[in-house]
Structure formats: structure tokens, C-alpha cells
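Dear colleague,

Please read them with the model open beside you.

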Amino acid sequence: MSNGKLINVVGLGYIGLPTSLILAANKNNVVGTDLNKDLVHMLQNGKVTFEEGGLVDLYNDAVSHGIKFKTEYVEADIYIVTVPTPYDKESKKIDPRYILSATNSVIEVAKDGAILVIESTVSPGTLDKYVRPILAESSKKIELVHAPERILPGAMISELVNNSRTIGADSIDVANEIKELYETFCVGEIAITDIATAEMSKVVENTFRDINIAFANELAKISAEANLDVYEVIRIANKHPRVNILSPGPGVGGHCISVDPWFLVGDYPTLTNLILKARNVNDSMPEYIYENILEIMRENNITDFREVGLYGLSYKENVDDTRESPTLQFLDLNKEGMDQMDVFDPFITKKVVDNQVFSFDELLDGKKLIVVFVAHEHIIENDEELNGKIVFDTKNRINRDYKKVYTL
Ligand code: SAJ
């Protein structure tokens, strides 16, 4: 691109920040906008706002190419909106407030003929229902595009470059202009389709994954009942050329896999039996972990919950995002003894739960049982610190030497 067009990326969170940086690092004129003054101030003063491999180097590259960070929207040719899309926990329907606010702000400052690219994941039909009517009322001609991202937290930069992408647009010319923009950094296939299909495919991708994780979790319960090692069952079954069973765990967290299926359940309640059941299976895992902890305590004559420590607060390995994390789901159960279990996560330096401690030594001190909810590189590399302990390794990743290890 870099044909003088200005790109305003709106929402500098887990998706928007890497996206704005990689666009700028690839010679696009970019302004990153976020309403959070502290966040913008950090970015204006040489600091990135979350942990992600390669993000600091990308930030420095983007700054050297002239990226600017502001709290206001600017007059631009292309807007890329990456704001949160929460859902209402009761109705399971999308809460479009941030999308609507971003769209209204874009209309205020956009050049006539600008392109509004919504990357945020939305439930199918959202852009037709909420965004198009606002654009239609405006005297400016603003083209709408939906380009959902597929990047995996923990591998964001490489996935931004290598993953295929979807461009949903109303016209091929607009689609090609945005395709060209993404091609300045993306080497993956860029598939062009209509907006509604782009909305549905994104939600479907994450729902597919949620169902497959639920299958692995249900298989863990069955194998435990059958006195079988679920990991050996999966290892053997996955040798089939068309079988790829995922990994059981303590639950499904994050702002994507645990959220997007609910968009379909909320919009199609009479049709989403399998999707709903899979959500229920995954949401049952924290309680299943608690039952296993009680069993392990009984078996090892541990009666004091203060002798149980929980490792991991983020929603998955090597990220600092705690949204919907299985550990938080577990603690939200408010079961007996949970308030006495220390919790530690090397990635989480802010206090997010009452009984959080801030060093691995403090977690280990006085504990007989350590429950591993998240297999960060940190505990894989420091497994010997667990020697002599009883370990409930819900991710089946910890070296078992010199430890009494339980798994799912
Ligand atoms: N999990 C399991 N077992 C598995 C895989 C994952 O229990 O075999 C758990 C993880 O521990 C975590 C949760 O599921 O708690 C989700 O983790 P994830 O790595 O599956 O996915 P996310 O949420 O980090 O990223 C997903 C990705 N979607 C797909 O893989 C289809 C990513 O490509 C999307 O861009 C992202 O959602 C998103 O933003 O939508």
C-alpha cells in the first residue's frame, strides 16, 4: 500500500496493537487510536502494553517507520476497528456498543469515500443490523468491510504474517483495495467473500474448536472412569490419518473460544444443541478439577487447604490475558477451601484474586499439592522446584521425575 493512504487503527488491544504495528512496520501510514489515555501514554513513551513474543521489536520497527498513537480518531482513508465485542451473559447476544461507538466516531472524522474495516468478531448479521443503518444515515459515502483476524495469542506476530485471512465486502474493488493493504504484511491466502459469510465463518471457526476441545474433555472423564490414560488413548487414536483429537484441560478460557459459540446459541437457540452441550462440557471442567483435587487430598491425607497451591491464572500458556481463564472460573465456584489456596502466575503481576502470591517460592512454601492450571514455559523449565511435591498436572506437560504426578 503506502500510496499515501492513511490508516487509522481503532482499539489498541491484543489484536489492534499488533495489527497497527505490523502495518506501520511494512511502510503504511498508520495512526493508532485508543480511548484509554494511560494505554496511549505508554505507547507514546516507548512501552508496549502486554507480553507477546516479538512485540517489542515490532513496536520499535513501527515507531521507526513513523507510527503515531492518539486518543482521538483522525481523518483517514481506511479505518481498522478492533474494539471488544462482549456478549450479554443472560441473553448470550452480542453487545455492539463499542462497535457502534467506533462507527459513529469514524463517521464524524472520515474522509468521504473512506473504508471502514471491522476486524472485531461479531455475531452473524451484526453489521447489517447495527452498522449499515448508521452508515446509511451519514452524508459521507463510507464503504463497509469485515476482515476478522485469526491470530493466536502466544504466536501473534508469526500468525499475522502467515495465516490466511478473510475479507468480507460489498464490492470486489473495495475488497481488492483492502486485500492489497493486508498483503503488505500477510503472506497467507486472502479469501474474498461477502460480509455475512465473513461474520459467520469467523464464529464457526472458534465454535469448531470449542466442540473439539469439549470432545477431548469428555474423553478425559470417560477414560478416568474406565481407568485408562486419556493421553495414551488420544496418542493412539490420532495415528488415524483423519483423526486429530485435541487436548483435555481444566476448562476453556479466553475472549474467543469461550465466547463466540454463545453468539450462535443466543441467535439460534433451537438449532444449537451440539454447540450448547459442548459449551456445557467445557464449562464443567473447573468443577471436575475441584472434585479431582478433593480426591487427591483424600488419597494423600491432606486435610488443610492451605497446603494446596494453584499455578496459573492466565487463560492459557505464555500469555498474560486472564479473561475467562479456567482458574478464575474455578475460583468463582466458591467451593470449600478455595479461599485458602494460594495462586501464582509468573505472567500476572497485578492482583486479580484475593489469595494471589507473587513468587513461585511463596506458592511452593508449605504446600503438599500443586495444581497446574497453565503450563507456562516457566514451570516446564523449573519443574525441579516441584520435586518432592504432589502435582496435579491438568495439562499433562510437567516432567514427572521425583514427583507424585496426577493428570486428568
Ligand atoms: N484449549 C484446550 N485444549 C486444546 C486447545 C485449547 O483446553 O486442545 C484451551 C486453552 O487452554 C484456552 C482455550 O482452550 O483456555 C482457548 O485457547 P486456544 O489456543 O484454543 O485459542 P485462543 O482463544 O487463544 O485463539 C483462538 C484461535 N482460534 C482457533 O484456533 C480456531 C485463534 O486462531 C483466533 O484468532 C482466536 O481464537 C480469536 O481471536 O478468535
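Y14 is partly exposed, with 25% relative accessible area, where buried means under 20%, exposed over 50% and partly exposed in between (1.4 Å probe, protein chains only). This is a predicted model, in which local features need pLDDT of at least 70 and side-chain atom pairs count only at pLDDT 80 or more, while totals for chains, interfaces and linings use all residues. Residues are numbered from 1 along each chain as its sequence is written, and side-chain values use heavy atoms, with hydrogens and water left out.

The structure holds nine aromatic pairs, a pair being rings of Phe, Tyr and Trp (its six-membered ring) with centres within 6.5 Å, called stacked if the planes are under 30 degrees apart, edge-to-face if over 60 and tilted otherwise. One of them joins Y14 to F50, and this pair is tilted because the planes stand at 50°, with the centres 4.6 Å apart.

Another pair, Y311 with F360, is edge-to-face, with 5.6 Å from centre to centre and 65° between the planes. Elsewhere, Y290, F330 and F373 form one aromatic cluster.

Finally, the charged end of K92 sits over the ring of W262, 4.0 Å from its centre, which requires NZ of Lys or CZ of Arg within 6 Å of the ring centre and within 35 degrees of the ring normal. The charged end of R97 likewise sits over the ring of Y98, at 5.8 Å from the centre.
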